[in-house]
Amino acid sequence: MILARGLRKSFGDFEAVKGIDVDVRRGEAFGFLGPNGAGKSSTMRMVAAVSPVSGGELRILGMDPAVDGPSIRARVGVCPQEDTLDTELTVRDNLYVYGRYFGLPRKEVRSRVDELLEFVQLTEKSGSMVEDLSGGMKRRLTIARSLINRPDVLLLDEPTTGLDPQARHVVWDRLFRLKQQGVTLVLTTHYMDEAEQLCDRLVVMDKGVIVAEGSPLELIRAHSTREVAELRFGVGEHDAIAEKVSDLGDRVEVLPDRLLVYSEDGEEVIAKVHERGLQPAAVLVRRSTLEDVFLRLTGRTLVD
Amino acid sequence: MAALDPPQAPGLSTAPTNLLSGAARLFDYWAILYKRTWKGSAISSFVTPLLYVVAMGVLLGGFIKGDPAKLDGATSYLAFVAPGMVAAQAMTTVFGEVTYPVMGMIKWNKSYFGMIASPLAVSEVILAHLGFVIFRVATTCAVFLAVMAPFGVFTSVAGVFAAFFVQLLIGAAFATPIYAFTAGLKDESAFSLVFRLGMIPLFLFSGAFFPISNLSRWMEALATVTPLWHGVDLTRMLTLGEVDWPLAAVHVAYLVTLTLAGWFWAVRRLSRRMVS
Amino acid sequence: MLTTSVGRAAASPVSAGEATGLLIYRNYLAYRRGWYIFVSGFLEPVFYLFSIGVGVGQLVTGFEFNGQQIPYAEFVAPGMLAASAMNGSLLDSTFNFFFKLKYNKLFDQMLATPLTTLDIARGELSWSLLRGGIYSAAFLLVMVAMGLVSSWWAVLVVPAALLIGLAFGGICMALTTFMRSWQDFEFVTLATLPMFLFSATFFPITAFPPAVRWVVECTPLYRGVVLCRELTTGALSWGSAVSVVYLVVMGLIGLAIVRRRLDALLLT
């Protein structure tokens, strides 16, 4: 569905995407993970055929965006990071006029609008102004709008950023249904739980390049241990204690309030810590998550 | 959701075949928007011209001698100022429509970004928006002309109709360049200057209220290069029924050139802004 | 670790004078970067004066005012001064005030401090008047330079313009508190445009039939225009005193309503 080889994007001297290879297959949910400024959104805009490619090769549905931009956009659905809904129109009118942009006949658009309102649970709000919707409703409306042309590929740029937990789950639920119906989903996110929930395969991007690729499980296996033991000691003791337990796991990380020991068996780590006469104030053993992988690969330093 | 299944169902969704067919897809958008907002400006678009005609044309005009030699050939100040005010109205309508509203669609509610994520191209989006602006010019100027008709300032029906179409041309000549200007602006702070140092001086010194020969020589020369003067003079010729054909041709050529230059500039500026 | 020192100085109520000063200072900060907008605002009445007063004036023979024959530009100039005092004040007390009230929630933020609603109304109005005063003084200089002033009384048009600003500012701010959306501002235009055009700004009141004339004489802008014209031409009369009282009363009524309305709107 989407094929990129050595894909680049630069803005003046700044290179946002520095040569990436991506293959997205029909029917899968594919994720781009990465911190802010990793180049995810630039990549998405190129795939949506609204941003010219600076270098490398890109094919969407077998077409070249430089030549067939409008034809590609006719078959792709886009749910942008920031809502671009028309605040002066009602919910229904937003969907209706958008459908018309795709050259769909009025009658066809009307029936699709009804279906989609139902699908995103906004039928009762169809006459409301966009301004009066909650953040979650706006997001669902944006998703509905991106489906009006029955796209082969749906591009979602940070679909749940800024939503409350309930609203996120509703969005996930809808996206999951689309996936079941065979729609190819491509999404960017910096929420690890979102990536684990939705993505069959994903790439981790950092500073314009792909640093890891695979299914969530494969990534955890490759870049982290099976379990993590979290140990809390008194304030200021962590650095000294880290030295003493450094041999217990594959890797030890010192945080201001706790130590993280990455290991295959967390319980065993705890037992050994106690054997060495150390008395942590609290312990917790958990499974490794994508978040561990993510922080391992892209670092804990804040990127803005 | 049986209808969404299979998702690759018959793709009726297509790319537009040309500029016009693309812009035409935006017709429903502008129609719905207009249906929602026309009431907001309906009263003032009727009352404003009426008030100006009565105050400046009839009442102030009562103190001005109808000397054709001093009034570019008009036999009353009312007949002189009426066409000037129509042309000025065409201009002010455009200034209102292609500044803040365009900025809004680029920057505040970002509707344009939604549009170009569909198969529509930037030029199609611009053409549709400008089409709406010209429609607004057409309605306000038609109302203006209709309001003035009972005051007996028109010499022929054909002249009035010709004058109406000239208003659309004036509208286009202002719309494309100012649109282009707006398309490249970072924020709206320049607009108050555009209105105060651009629109108001044009409104006041382009021969709408007094013949530009009353200006000092260099100011008069400056006035003859402004698009509004060309529009005012052309409109006045038509409503007074005294057409100087070669000069009229110059006016039309000037306005058409400005429209086209502005169009290409607008497409370039907005494309650079939105597709980067 | 960052530690923040907790301020010991207890917040004390701010006096009315201080509060007004603070609000003016806040607006000064906000406007500092837009100084060119401030300057360009002054040019508008000057453009009108040159266009209508001088350009159209060449077509008009001149009017009689309070018994004197005066050139058209001299007739129009004080009218423009009064009208621009009204327009400036209107802009601040309607559009700008509405924006601060509904959109950037500036007043909510101010009321979270020891400032009161009366402080806000007074501060906003003072700022608006300060701006209007500077504009009128500059416009008066333009008039002097063009030889359109024939009496020392003209010095008083600056306070007269402030009075016009106060009268319209108070009432319009009060009306703005009742507005629901931008669409309602249509009515502001519908009320002010006729005043601008028919308050003897561009032609003498004798152009109207007696009945209409009586109505026009009761409108606030007409009182302002005539007051300014009497001052710049030196033709003062008892009517001038009536105009002053009229505008003062109108301003005070406006302020009283704003205060109540702001309490109702913001302190809920």
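Select residues 40-47 of chain A, which form helix H1. This is a predicted model, and in it helix H1 of chain A is mostly covered, with eight of its eight residues buried. Colour the buried positions one by one: A:Lys40, A:Ser41, A:Ser42, A:Thr43, A:Met44, A:Arg45, A:Met46 and A:Val47. Then step just past the end of H1(A) to A:Ala49, where the backbone takes a positive phi of about 60 degrees.

**Chain A as a whole**

Chain A holds eleven helices and 13 strands. Its C-alpha atoms fill a box of roughly 75 × 45 × 35 Å along the principal axes. Of the 304 residues in chain A, 46% are buried.

Select residues 2-11 of chain A, strand E1, together with residues 55-60, strand E4. The two strands pair in the antiparallel sense over five bridges. To find one of the links, display A:Arg5 and its bridge partner in E4(A), A:Glu57.

The hairpin of E1(A) and E2(A) has two residues between the strands. Which residue of this hairpin takes a positive phi? Select A:Gly12, where phi is near 65 degrees.

**The six-stranded sheet**

Next, show strands E5, E6, E7, E3, E8 and E9 of chain A. They form an open sheet in the order E5-E6-E7-E3-E8-E9, with mixed pairing. Why is one side of E5 and of E9 left without a neighbour in the sheet? Strand E5 (76-79) and strand E9 (209-214) of chain A stand at the edges and have a single partner strand each, so each has one side with no neighbour there. From one strand to the next, the twist averages 15 degrees.

Inside this sheet, pick out strand E3 (residues 29-33) and strand E8 (residues 201-206) of chain A, which pair in the parallel sense over four bridges. A:Leu33 has A:Val204 in E8(A) as its bridge partner.

Bring in helix H8 of chain A, residues 216-223, which packs on the sheet and touches E8 and E9 of chain A. The direction of this helix makes about 110 degrees with that of E9(A). Then select helix H11 of chain A, residues 290-298. Helix H11 lies across E3, E8 and E9 of chain A and runs at about 30 degrees to E8(A).

**Where the chains meet**

Show all the chains. The predictor gives the complex an ipTM of 0.87 and a pTM of 0.86. Of the two pairs of chains that touch, chains A and B have the most contacts between them.

Start with that pair. The contact takes 35 residues from chain B and 36 residues from chain A. On the side of chain B that touches chain A, the elements giving two or more residues are helix H2 (27-60) and helix H5 (111-117) of chain B. H5(B) gives the most, with six residues. Coloured by type, this side of chain B divides into 21 nonpolar, nine polar and five charged residues.

Turn to chains B and C. Their contact takes 29 residues from chain B and 27 residues from chain C. On the side of chain B that touches chain C, H2 and helix H8 (191-205) of chain B each give two or more residues. H2(B) gives the most to this side, with eleven residues. The residues of this side divide into 20 nonpolar, seven polar and two charged.

How far apart are the nearest C-alpha atoms of chain A and chain C? They are 11 Å apart, and the two chains do not touch.

**Confidence in chain C**

Last, colour chain C by pLDDT. Chain C averages 85, and 95% of the residues score at least 70. Select strand E1 of chain C, residues 63-65, where confidence is lowest at a mean of 77, and then helix H9 of chain C, residues 220-233, where confidence is highest at 93. Finish at residues 1-8 of chain C, where the pLDDT is below 50. Beyond near neighbours in sequence, this stretch has zero contacts in the model. Where pLDDT is low, predicted coordinates should not be read in detail.

Notes. Residues are numbered from 1 along each chain as its sequence is written. Chains are lettered from A and ligands numbered from 1 in the order in which they are written. This is a predicted model: local features need pLDDT of at least 70, side-chain atom pairs count only at pLDDT 80 or more; totals for chains, interfaces and linings use all residues. A residue is buried if 20 or more other C-beta atoms lie within 10 Å of its own, exposed if 12 or fewer, and partly exposed in between; C-beta atoms are placed from the backbone. Two residues are in contact if their C-beta atoms, placed from the backbone, lie within 7 Å. Ala, Val, Leu, Ile, Met, Phe, Trp, Tyr, Cys and Pro count as nonpolar, Asp, Glu, Lys and Arg as charged, and the others, Gly among them, as polar. Two strands pair if DSSP finds at least two bridges between them. Axes are lines fitted to C-alpha atoms, for helices over the stretch in contact, and angles run from 0 to 180 degrees between N-to-C directions. pLDDT is the predictor's confidence in each residue, from 0 to 100.
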